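Q: Please take a close look at a single part of this model and describe its surroundings with care.

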Amino acid sequence: MQNTRTYGEDISKSIILVGNSPLLLEENNGDIIDQFYKVVRIGMFVIDGFEKHVGTRADYNITRTVKYRMLSEEDRNRIGEVILIEQDSLESLGRAAINWAHKTFNEDIYITGFTENFSLHVIKGTPSSGKYYKPEHTPWVHNHNIIEEDIYISKCIQNKTLKVL
């Protein structure tokens, strides 16, 4: 089945990185996400109860040890492979996942659940600054350079090394 939402491209040969923005709840993309060749989850994630928005697969989880331990046993059992990022790394998990995907795959890479202009949402305190499964979550801005991440993601999209679902 080909997803026409991605401009007629066959996503069954593409990778998708699924972030945790509450904006995921605005779309019912779960079935589309599950059609991708590989599904990469970032950090803490929750699937149960959100399947119609976030899908059901987790081929990879890019995370830190502490976040992996916080996943439910059911969600840990869904993960095909865990990629651990050093705990003291200042690189955000989102950017780490993008860099890892660029080094690991030759296929097209899509993102969803990454908040565009995330820094503005954090400053304004709008809902997209939380997590889809925990809206009251406050991002760790002291070790997460969100402005730099915004610029990096925007450049990747402009350079066509990332596509947005």
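**A close look at Y152**

A: The side chains of Y152 and N99 are joined by a polar contact of 2.3 Å (a pair of N or O atoms within 3.5 Å, where within protein one must be able to donate a hydrogen and the other to accept it, and residues adjacent in sequence count only if both atoms are side-chain atoms). This is a predicted model, in which local features need pLDDT of at least 70 and side-chain atom pairs count only at pLDDT 80 or more, while totals for chains, interfaces and linings use all residues. Residues are numbered from 1 along each chain as its sequence is written, and side-chain values use heavy atoms, with hydrogens and water left out.

Y152 lies in helix α7, which spans residues 146-158; helices are DSSP runs of H or I with at least four residues, numbered from the N terminus. Because its relative accessibility is 16%, Y152 counts as buried, the term for values under 20%, with exposed meaning over 50% and partly exposed in between (1.4 Å probe, protein chains only). When neighbours within four places in sequence are left aside, Y152 is in contact with R95, I98, N99 and H102, contact meaning heavy atoms within 4.5 Å. Of these, I98 is 54 residues from Y152 in sequence, yet the C-alpha to C-alpha separation is 9.8 Å.

As for confidence, the chain has a mean pLDDT of 81, with 76% of its residues at 70 or more; pLDDT is the predictor's confidence in each residue, from 0 to 100. Over residues 119-123 the pLDDT falls below 50, although this stretch has twelve contacts in the model beyond near neighbours in sequence.

Notes
Helix = DSSP H or I, 4+ residues; strand = E, 2+ residues; numbered from the N terminus.
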